[in-house]
Amino acid sequence: MTITLDSIGENQKVKVISVSGGWGIRQRLGCLGIHPGDIITVKKSAIMRGPILISVHGNQVALGRGVARRVVVEVEE
Amino acid sequence: MKIALMGQPNSGKSTIFNHVAGYKAVTSNFPGKTVEYTSSKINLFGEIFEIVDLPGTYSLTSFDLAELEARKYLLRNSVDIVINVIDASLLSRSLELTLQLLELKLPMVICLNMIDEAERKGIKIDVEKLSKILGVPVMPTIALKGNGVKELFSMAYKMGEKKKIGKTLNFSKDVEEVIAQLSTQIKEKQVNREFNVPKRFLALKYLENDSYFMENFEKRDKDIFKDIIHFQNKLSETHNRPSDVVISSERHSLSMNIFEEVALVTKPQIKLIDRLDNTLMHPYFGYIFLVGILYLFFNVVFTVGRLIEEPLLEYFYKIIPLIEIRMGSETLSFSIISGIIQGLAGGIAIVLPYLFPFLFGLAILEDLGYLPRIAFLLDAFLHKIGLHGKSIIPFILGYGCTVPAIMATRILESGRDRFIASGLWLYCSGYNGNSNLGIGKRPFYCLCAGYYDSLCCANDYNICISGFLH
């Protein structure tokens with residue numbers, strides 16, 4: 001079963017499996033430090049399907065839900 | 001000598017630029033703020049330098065317009081030396097751009113900016129080791145305080161004279177093999193000549209499926225196009241992912257390796273705002289605090305503004321009767337002069353007392369890091385009207401003054417967003433002009449009102465009221 005980043009609760013740690021999207025979104029997320037294999041912690045999740053705030057490589061990045069839905073992840077223990 | 005400043009958004013390029021170019025531009029906390037590039041000629045060490053501040057770019061791929069423009073500029077213009085500005089607290093991410101700049105084989109100096117911020121985050125960087133690995137000088141700076149900026153430029157000058165080019169760092173063996181094979185093809189067919197780039201750089205861009213280079217290419221030579229597709233497929237088959245992901249993952253792991261080699265990571269100091277985050281960004285309390293903070297902010301601005309406004313206005317009104325006595329109230333020149341004074345009073349005594357505390361307060365909010373949090377909180381709501389969360393910045397600025405608000409719409413990436421934001425702002429501000437919150441349009445109206453009143457010789461007309469009525 002695949003989970004996407006938008007469905008992850010606050011303070012949970014996940015590992016990126018893949019980015020299901022076109023060339024543009026893969027490049028952009030790569031630039032922000034999100035590649036397959038990276039560990040992400042979800043910090044905050046805004047109400048009304050607002051953006052989510054994640055921490056990746058010690059840096060905080062806010063992602064919109066639409067983009068977060070493209071990031072396939074698996075929960076780290 | 002021509003120096004180009006290149007770096008990721010918010011790495012402090014503009015701060016360095018302003019430090020040497022000698023004037024302050026608007027600095028904001030969001031990516032892509034310098035969409036157009038600015039350049040300036042300065043005199044250093046007895047030589048004229050042309051410094052170009054290129055738009056912030058995350059990478060050298062043709063992703064958005066700003067990145068494309070920055071890369072085009074680097075390739076087209078004969079830049080003597082590139083200063084790659086890096087936010088030291090984001091070293092591992094920033095190195096990915098550095099690796100791409102090294103692929104371009106241009107003379108380069110690395111500016112390791114915000115080292116104080118990195119230390120606060122618990123990252124200690126071995127500058128010499130980094131310089132040894134990359135093969136180019138690395139200069140630590142704190143651009144905000146001006147520390148190390150002079151040394152940076154004197155090093156850039158030296159390296160620009162020497163034309164010092166950095167090392168090419170290699171990816172994994174199997175990827176390098178594919179790159180080498182494609183490079184040979186490129187060399188044989190001499191395609192890199194028309195783009196004026198090194199063959200390895202071009203090979204990488206083809207493997208990354210970079211639209212700019214691909215488009216330019218398809219029209220010209222079908223033969224090498226087949227080769228490119230062949231090598232792209234080869235990479236994606238062996239790695240089981242698209243070829244562009246293979247290259248970006250390679251670059252990523254290479255920069256992570258460099259980062260681990262040169263940086264010592266200890267426990268970060270926690271900033272006050274990070275501690276408050278649980279409350280300030282709470283799904284419900286966060287909004288209550290947002291309203292409270294903005295209320296307080298505007299309240300302080302208007303309290304301080306009123307304190308300054310009243311004595312200033314009084315002063316201006318004392319001048320007019322003095323002139324009246326001297327010139328007589330019926331003359332045309334008196335009408336004109338008193339109109340000018342009233343107009344000036346509108347600008348100086350009514351607008352500035354509010355504008356200064358407003359901009360000062362906004363700067364404090366920005367330095368505390370609250371502005372991006374507002375953008376985060378309001379993103380969902382602004383998306384309902386088709387805007388990004390960060391467009392709240394021009395909206396807040398719009399309460400102060402039109403000009404910075406319209407300028408701040410530059411932080412929005414698409415022309416469409418800018419259009420909506422400026423359009424909405426104009427509407428909101430016109431509306432709020434009557435409610436004593438939007439003082440943005442008042443300078444213009446006051447000037448008109450003052451002028452109009454004086455021509456009608458209705459000097460007792462209260463300029464302030466007419467400002468509101470308009």
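This briefing describes strands and a helix in chains A and B. The structure is a predicted model, in which local features need pLDDT of at least 70, side-chain atom pairs count only at pLDDT 80 or more, and totals for chains, interfaces and linings use all residues. Residues are numbered from 1 along each chain as its sequence is written, while chains are lettered from A and ligands numbered from 1 in the order in which they are written. Helices (H or I, at least four residues) and strands (E, at least two) are DSSP runs, numbered from the N terminus.

**The sheet of chain A**
- Six strands of chain A form an open, antiparallel sheet in the order β1-β6-β2-β3-β4-β5; two strands pair if DSSP finds at least two bridges between them.
- Strands β1 (3–4) and β5 (59–63) of chain A are at the edges with a single partner strand each, so one side of each has no neighbour in the sheet.
- Five bridges link β2 (residues 13–19) of chain A to β6 (residues 71–75) of chain A in the antiparallel sense, and A:V16 stands opposite A:V73.

**A hairpin in chain B**
- Strands β2 (residues 38–44) and β3 (residues 47–53) of chain B run antiparallel and are joined by seven bridges.
- B:K41 stands opposite B:E50 in β3(B).
- Two residues lie between these strands, and B:F45 takes a positive phi near 50 degrees.

**Helix α3 of chain B**
- The 13 residues of α3 (residues 91–103) of chain B should span 18 Å at 1.5 Å a residue, which agrees with the 18 Å between its end C-alpha atoms; the expected span is 1.5 Å times one less than the number of residues.
- Because 12 of the 13 residues of α3(B) are buried, the helix is largely enclosed by the rest of the structure; buried means that 20 or more other C-beta atoms, placed from the backbone, lie within 10 Å of the residue's own.
- Just after α3(B), B:K105 takes a positive phi of about 55 degrees.
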